[in-house]
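Please examine the sequence and the structure displayed below before reading on. The briefing then takes up a few of their features, topic by topic.

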Amino acid sequence: MSRQHIPLKDITIGIKGWTAKVIVEAKGMPRSSQRSPVKYQRMILRDSAGTKVQETIFESDIDKFSDVLTLYRTYYISNDVVKTILPQHRIANNDFQWHINSKTVVEEVTEEYSSISVLPYNFVPFSEFSKYMNSDVFVDVIGVVIDAHPTREIPTVNGPQKIQELLLVDQQLIPKILTMWDQFIENECAAIVKNIKTKPIIATYRIRIVSFNGGSMSTKGSSTFVINPDIPEATRLKSWCVDNKAELEQLTLKKSYVGSSSSAIRAPAPHEIIEVKDIQCLEEKQTTFWLHAKISIPHLNQKYWYMACNKCYRRTNIDYKQTFDCVHCAEKQARAMPRCLLEVQLLDKTGALIATLFGENAEKFICCSAETLMQNSTEKHPLQLSIMWQLNLLINFLMQLIQIFKRQIQSRYSPTTEMKTAKLSTLIINSKMKCNSL
């Protein structure tokens, strides 16, 4: 029968003998703290009024309650420990959190008296990722997992860390990468990969959208996942998978998404483009924006490169190609390699902005590799970029000229010869224009 219970908003520190009626809205897997070996498991509980609270189970109590508090089921809970929670640790909009212990009483509500329904989720479509890119906003996403990349280690400011990337698509057949970090690889990711052939549906809660690969997903410590959730959104997506099985199989076999997502950045809408004068007015949390500006090199007497660790790209004083122990990323066999660095100016009608290009972006802009830059400059004799640029253009032009003459020697005269001559003239004109622009 129905029991007396009070709303979550009325449960604070000091309230005695209370009972709450809640539905389990989200539930993470057990994991260990980064700063201690203590195991914990977090979940989100909600009452019929929509109020949510964060619930945490520790150590041996995790096993004790492993068969209860099932996702999307309703329970009466009493004798929980109520504590305050700092804003930076909250995953629910509530000043308090609950801790389950050995005295906590949990009783499942029978279907007859279960009046709390599962609310529809506000899942963000893949096509709208740009709205949340590199912001402090956490979002919920649902998608079909079609592929999993092998686990690998990458350098970070906190040292090497393991990641595993999953490939998800939505009903628009847009492929997006989900990067799983640390313990998510051992727990949630392992369960997903185990069922990868069935193309499981996963609902992800509280993840971040980052600019990597034109907009991808990345886990945070508070993220949670549900595989094949029993919700209407997942049912519709599963039905869509059945109807589009052939397209999904082709996408998986051809792997046409590999290497293409980095360039698949959506063109900005006119209202998303700002002017240089407006940058200072942006909110601190907004770290990415669109500009329509001319780019130039204001100072040609730059060094254009620096010696860096080949793993984390941090500056080092080690000589070229020498191995060393990197103090930044803890790599024991790091190699010192040159990395391109270029100071440029972005100019529009409202003002100018100094920006820095690194790595491949800088190399593409000046049409020169970091090693070539290093070999043609020293501390006492900085690189003369204008001369270097003209030499590169001349070399490229001569190489194309040789290839054209080779083809002419190997073939007889044909009407295409005039076309080749025209192409040759175009190369000369373009080369002169690029050199004069310096």
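The model is a predicted one. Within it, helix α3 has its buried residues along one face, strand β21 pairs with strand β22 over eight bridges, and the count of salt bridges comes to twelve.

**Helix α3**

- Helix α3 consists of twelve residues, 232-243, and at 1.5 Å a residue it should span 16 Å.
- The buried residues of α3 are E233, A234, L237, W240 and C241.
- Viewed down the axis of α3, these buried residues fall within an arc of 120°, so they line one face of the helix.
- An α-helix has 3.6 residues a turn, so residues three or four places apart point the same way.
- On the face of α3 turned away from the buried side are the exposed residues P232, R236, V242 and D243.

**Strand β21 and its partners**

- Strand β21 covers residues 334-348 and runs antiparallel to β18, to which three bridges join it.
- For M307, the bridge partner in β21 is P338.
- Between β20 and β21 there are two bridges, and the pairing is again antiparallel.
- F324 stands opposite A334, which belongs to β21.
- Strand β22, residues 351-358, pairs with β21 over eight bridges in the antiparallel sense.
- V344 has A355 of β22 as its bridge partner.
- A hairpin through two residues joins β21 to β22.

**Residues in loops**

- Y304 is located in the loop between β18 (294-296) and β19 (305-309).
- Is Y304 buried or exposed? Its relative accessible area is 1%, and Y304 is therefore buried, since buried means under 20%.
- Y304 and A362 are 58 residues apart in sequence, and their C-alpha atoms are 8.7 Å apart in space.
- Most residues other than glycine have a negative phi.
- K199 has a positive phi of about 50°, although it is not a glycine.
- The loop that holds K199 lies between α2 (183-194) and β13 (201-210).
- With 13% relative accessibility, K199 counts as buried.
- K321, which is not a glycine either, has a positive phi of about 65°.
- K321 has its place in the loop between β19 and β20 (323-324).
- K321 counts as partly exposed, at 43% relative accessibility.

**Salt bridges**

- The count of salt bridges in the model comes to twelve.
- Which residue meets the side chain of E108 in a salt bridge? The partner is R73, with an N to O distance of 3.8 Å.
- E108 lies in strand β8 (residues 105-108), whereas R73 lies in the loop between α1 (60-64) and β5 (74-78), so the pair ties together parts that are 35 residues apart in sequence.
- E108 is partly exposed, with a relative accessible area of 41%, and R73 at 41% relative accessibility also counts as partly exposed.
- R90 forms a salt bridge with D95, and the closest N and O atoms of this pair are 3.2 Å apart.
- R90 counts as partly exposed at 26% relative accessibility, and D95 counts as partly exposed at 46%.
- In the salt bridge between K277 and E275, the closest N and O atoms are 3.7 Å apart.
- K277 has 49% relative accessibility and counts as partly exposed, while E275 is partly exposed with a relative accessible area of 23%.
- Salt bridges that share partners join E275, K277, D278 and K349 into one network.

How values were computed
Residues are numbered from 1 along each chain as its sequence is written. This is a predicted model: local features need pLDDT of at least 70, side-chain atom pairs count only at pLDDT 80 or more; totals for chains, interfaces and linings use all residues. Side-chain values use heavy atoms; hydrogens and water are left out. Helices (H or I, at least four residues) and strands (E, at least two) are DSSP runs, numbered from the N terminus. The expected span of a helix is 1.5 Å times one less than its number of residues. Buried means under 20% relative accessible area, exposed over 50%, partly exposed in between (1.4 Å probe, protein chains only). The arc is that of the directions from the helix axis to the C-beta atoms. Two strands pair if DSSP finds at least two bridges between them. A salt bridge is a side-chain nitrogen of Lys or Arg within 4 Å of a carboxyl oxygen of Asp or Glu.
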